[in-house]
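Hi,

Here is the structure I promised to pass along. Please have a look at it first, and then read my notes below.

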Amino acid sequence: MEDYTKRKLLSALCHGAIFFSSLIVSIGIPIAILLISNDSVIKANARESLNFHINLYIYGIIFGLLVFIGIGIPLLFILWIVSLIMPVIAIIRVLNEPDVPYRYPFIFRLV
């Protein structure tokens with residue numbers, strides 16, 4: 001497989017892993033790609049994807065606890081919308097600009 005095509009495919013797979021829904025799968029795919037790839041752009045996309053997924057889970061827990069005081073339900077709805085839109089934007093960006101790693105706005109980078 002050509003490096004350019006491989007970069008596009010693996011980077012898009014990292015960002016799209018969240019659509020596989022399972023916690024283990026959505027975090028496992030970027031971790032696996034991070035470990036097997038030697039390409040710095042693919043590794044950067046895998047790290048960014050991991051950070052985004054981890055952020056979503058942390059926010060989900062916090063917003064889930066806030067359900068008890070009433071504000072959690074709208075926040076969970078907004079989080080759900082963000083979890084659908086942002087990975088799509090990331091996938092489109094890495095397919096159009098495969099040489100530039102995508103950076104999600106407004107997330108904490110833990111990895």
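A crossing of two helices is called left-handed if the near helix is turned anticlockwise from the far one by less than a right angle, and right-handed if clockwise. By that rule, α1 and α2 cross in a left-handed way. Helices here are DSSP runs (H or I, at least four residues), numbered from the N terminus.

This is a predicted model, in which local features need pLDDT of at least 70 and side-chain atom pairs count only at pLDDT 80 or more, while totals for chains, interfaces and linings use all residues. Residues are numbered from 1 along each chain as its sequence is written, and side-chain values use heavy atoms, leaving out hydrogens and water.

On confidence (pLDDT, the predictor's score for each residue, from 0 to 100), the chain has a mean of 92, with 98% of its residues at 70 or more.

L10, L13 and C14 of α1 touch I29, P30 and I33 of α2 (heavy atoms within 4.5 Å).

Finally, the whole structure has 4 salt bridges (a side-chain nitrogen of Lys or Arg within 4 Å of a carboxyl oxygen of Asp or Glu). One of them joins D99 and R7 at 2.6 Å, N to O. D99 lies in the segment after α4 and R7 in helix α1, 92 residues apart.

Best wishes

Note on methods. Helix = DSSP H or I, 4+ residues; strand = E, 2+ residues; numbered from the N terminus.
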